[in-house]
Amino acid sequence: MNKLKNLHNGDASNASYDHVLKYTGIFGSVQGMKMLCSVGRQKLTTKILGSMGIGLISAYGSVSEFLYNASNMGIPLNATRQTSELYEEGSEEKIGHQVMVIRTWMLWAALVSVVICLLFSPVISYFFFNHDWHHWPEVMLTSLVAVGNIIAEGECAILKGLRQVRKVAIIETVLSIGTLLCTIPMYCLFGIGGVILGLIGCAALSMLVHFSFSLRLVPYRVQPFSYKTFVEGLPLVKVGIPYVLAGIANSLLQMAIPAIILASRTMADYGHYQAGWTVMVGYAGLVFMALESDYFPRLSGEVNNVRRMNFTINQQTDVCILIITPLLILLALFMPYVLSVLYEDEFLVVSGMATVSVYYTFLRCISLPLGYSILAKGHSMVFLAMEVIYDVLLGLLIWVCYNGFGLIGAGVALSVGAFYDVVVYSLYCHIRYGYAMRRSTQLLFLLQFVCLTVAVATCFMLSDTDLMRYVVGGAAFLSSAILSFVWLRRRSGCMRHLFA
């Protein structure tokens, strides 16, 4: 506990562009390592298990994610917010007590996930595995994955609330390498049967690594049979129930997508969809990890000041757009080669879907910072309503577009859903919180959007063997990269000194 005394420092409260760039850079580097490990794991998994294995991994992952969202009671998110507020007060005793309450409730949440899985594993098996009830033992094993993830997320929430961003970054790095070492040997030894064992191993590793850092700050203490602790944790749960329902809605969407695809196609086709989603939405979206790890705790301390909250949202939006747009352009231009490196040639069919999905990731540069403002305010019912409507809309879009236009239609559905999200969040935050996008941010968004659109249009109009594809696309990339560099150099002291 004595280490809590040294948590406060000037850097933690710095709201400059240098601070945002610093932690975006830290997590960008971490996610780069994570992506490299994921690329290696994906490539080896494809060779060992094929597209069916990719689909099965995603299917079990969706089940464990459903269990996690159905049982975590929104505690991790609220734990970060409340711990962050106590951190601002600087009370060591209050922090220690709050951490005990959080850990006790996370233990109960883990037990709830086991009960839910026990009750619903036959039903999940029936709908997930082509009306076959006999996969329920494997589904039941996913509860162990949920238990490990729930406890690990509770510890991670504590670290984030205490602004231990560097420790979270180290954990992410260790887990990216550990996941590779956990899964591939399982696939080699047990084939398809090693999928669930790999997931359990990764969850156990995540729990142990998080403990190795969090216990150094606050010793592990729980009171699972204390009525007082139960009552003290109720506000976490009451606020978190809408988050749980929103998480369940999102998990149901992720479980509905394979059902939509498998209704008329095979597990291999779902593997193709999942590969396209992973390349453009999963890998490119790793940049957004800094939002939850640094931006959300920082925003939680500024929600009562409209001017500072506005500045923080616009600032984070700027940095996301500036960093991610050049990366999206490069990914779109070299998509066929990226797919060949990550997977096998059979996955080249997802090139069109992944390319058109760039707008989904690009638009999240606006919607995510705004969405976190609702979470920071604690307006959970509003968040629930928005998430449920979005999930229903996106599910319908994917159903219609995939059945009508295949994989490219799925990419279009993702991008249209993201545009809807931007419009709704912008209007709500403007009316409720007084949010207004700065003119400079609007101009930045427009210029980078034009660069991205030129690159995407070039990819669809010209083949990957046409030189003009790379001439025009390269010009779009250079324009985007130069714009990002100049913009950041004007606003960041470290960038000015670095390139003086």
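The model is predicted, so local features need pLDDT of at least 70 and side-chain atom pairs count only at pLDDT 80 or more, while totals for chains, interfaces and linings use all residues. Residues are numbered from 1 along each chain as its sequence is written, and side-chain values use heavy atoms, with hydrogens and water left out. The protein chain has 17 helices and zero strands. Helices (H or I, at least four residues) and strands (E, at least two) are DSSP runs, numbered from the N terminus.

**Overall fold**

- The protein chain has 500 residues, and 56% of them count as buried.
- Buried means under 20% relative accessible area, exposed means over 50%, and partly exposed lies in between (1.4 Å probe, protein chains only).
- Among contacts between residues at least 6 apart in sequence, 82% join residues at least 24 apart.
- A contact here means heavy atoms within 4.5 Å.

**Salt bridges**

- The structure holds two salt bridges.
- The term covers a side-chain nitrogen of Lys or Arg within 4 Å of a carboxyl oxygen of Asp or Glu.
- Arginine 103 is buried at a relative accessible area of 2%, and glutamate 155 is buried at 3%.
- Aspartate 318 forms a salt bridge with arginine 438, with the closest N and O atoms 2.6 Å apart.
- That pair also links distant parts of the chain, 120 residues apart: aspartate 318 is in helix H10 (residues 306-333), and arginine 438 is in the loop between H14 and helix H15 (439-461).
- Aspartate 318 is buried, with a relative accessible area of 0%, whereas arginine 438 counts as partly exposed at 25% relative accessibility.

**Helix packing: H13 and H14**

- Two packed helices are described by the angle between their axes and the distance between the axes.
- The axes of helix H13 (residues 358-377) and helix H14 (residues 380-433) come within 9 Å and cross at roughly 35°.
- Axes are lines fitted to C-alpha atoms, for helices over the stretch in contact, and angles run from 0 to 180 degrees between N-to-C directions.
- The crossing of H13 past H14 is left-handed.
- Left-handed means that the near helix is turned anticlockwise from the far one by less than a right angle; right-handed means clockwise.
- The residues of the H13 contact with H14 divide into 19 nonpolar, five polar and two charged.
- Ala, Val, Leu, Ile, Met, Phe, Trp, Tyr, Cys and Pro count as nonpolar, Asp, Glu, Lys and Arg as charged, and the others, Gly among them, as polar.

**Buried side of H11**

- Met335, Pro336, Leu339 and Leu342 are buried in helix H11 (residues 335-342).
- They cover an arc of only 135° around the axis, so they lie on the same side of H11.
- The arc is that of the directions from the helix axis to the C-beta atoms.

**Residues in H3**

- Glutamine 98 belongs to helix H3 (residues 92-128) and counts as buried at 15% relative accessibility.
- Not counting residues up to four places away in sequence, glutamine 98 touches Gln82, Leu86 and Leu236.
- Valine 99 is also in helix H3, and it counts as buried at 1% relative accessibility.
- With residues up to four places away in sequence not counted, valine 99 touches Ile158 and Val218.
- The C-alpha atoms of valine 99 and alanine 157 are separated by 9.8 Å, at 58 residues apart along the chain.

- Asparagine 250 is in helix H7 (residues 227-262) and is partly exposed, with a relative accessible area of 26%.
- Its C-alpha atom is separated by 6.1 Å from that of aspartate 391, 141 residues apart along the chain.
- Leucine 253 also lies in helix H7 and is buried, with a relative accessible area of 6%.
- Leucine 253 touches Asp391, Leu394 and Gly395, not counting residues up to four places away in sequence.
- Glycine 395 is found in helix H14 and is buried, with a relative accessible area of 14%.
- Leaving aside neighbours within four places in sequence, glycine 395 is in contact with Leu253 and Ile260.
- The C-alpha atoms of glycine 395 and asparagine 250 are separated by 9.8 Å, at 145 residues apart along the chain.
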